[in-house]
Amino acid sequence: VKDVEEVLRLEYRSKLLNPKWRDAMIKQGSGGAYEISQRMTAMVGWAATAEVDNFVFDQAAERYALDEEIAAQLQKSNPEAFKNVVRRLLEAEGRGMWSTDQKTLAKLRSQYMDADDMIEHGTKR
């Protein structure tokens with residue numbers, strides 16, 4: 001029997017935070033973006049009941065939202081999935097699961113508004 005935090009660390013290091021896994025998901029297009037989005041949702045869910053280290057959220061933000069090239073690819077292949085990734089990061093910070101700086105939050109909020117505009121109106125602010 002393994003400790004849930006240990007299992008989560010293994011899961012996030014082997015998948016969500018693994019650049020090879022990320023790149024493979026990006027190559028899959030819409031389905032891969034959806035899978036990334038679902039793992040972000042699961043991470044926030046787990047953080048509500050178990051400890052998810054702050055670095056996990058930091059690295060997830062860096063790898064999926066703050067990396068402009070990856071963010072653009074996600075948004076192009078599946079705008080709803082990208083919006084969910086950003087929404088989950090903002091939710092984690094708002095619920096006290098993740099501590100980050102104001103510059104990062106401002107960037108995420110801007111991305112969320114851009115993603116929402118794109119989905120609603122087919123445009124980018």
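## Packing of helices 6 and 7

Helix axes here are lines fitted to C-alpha atoms over the stretch in contact, and angles between them run from 0 to 180 degrees between N-to-C directions. In this predicted model, helix 6 (residues 79–94) packs against helix 7 (residues 102–121) at an angle of about 145°, and their axes lie 9 Å apart. The crossing of the two helices is left-handed.

Helix 6 contributes P79, E80, F82, K83, V86, R87, L89, L90 and E93 to the contact. From helix 7 come L105, L108, R109, Q111, Y112, A115, D116 and I119. Sorted by class, the contact of helix 6 with helix 7 comprises 10 nonpolar, 1 polar and 6 charged residues.

Helix 1 spans residues 4–16, a run of 13 residues. The distance from its first C-alpha to its last is 17 Å, close to the 18 Å expected at 1.5 Å a residue.

Four positions of helix 1 are listed as buried: E5, L8, Y12 and L16. They lie on the same side of helix 1 because they cover an arc of only 55° around the axis. The cover over these buried residues includes helix 2 (19–27), helix 3 (30–47) and helix 4 (54–65).

## R39 in helix 3

R39 is located in helix 3. Its relative accessible area is 18%, so R39 counts as buried, the cut-off being under 20%.

With neighbours within four places in sequence left aside, R39 is in contact with E11, Y12, K15, L16 and W21.

Notes:
Residues numbered from 1 in each chain as written. Predicted model: local features only at pLDDT ≥ 70, side-chain atom pairs only at ≥ 80, totals over all residues. Heavy atoms only, no water. Left-handed = near helix turned anticlockwise from the far one by under 90°. Contact = heavy atoms within 4.5 Å. Nonpolar A, V, L, I, M, F, W, Y, C, P; charged D, E, K, R; others polar. Expected span 1.5 Å × (residues − 1). Buried < 20%, exposed > 50% of the residue type's maximum accessible area, 1.4 Å probe, protein only. Arc of directions from axis to C-beta.
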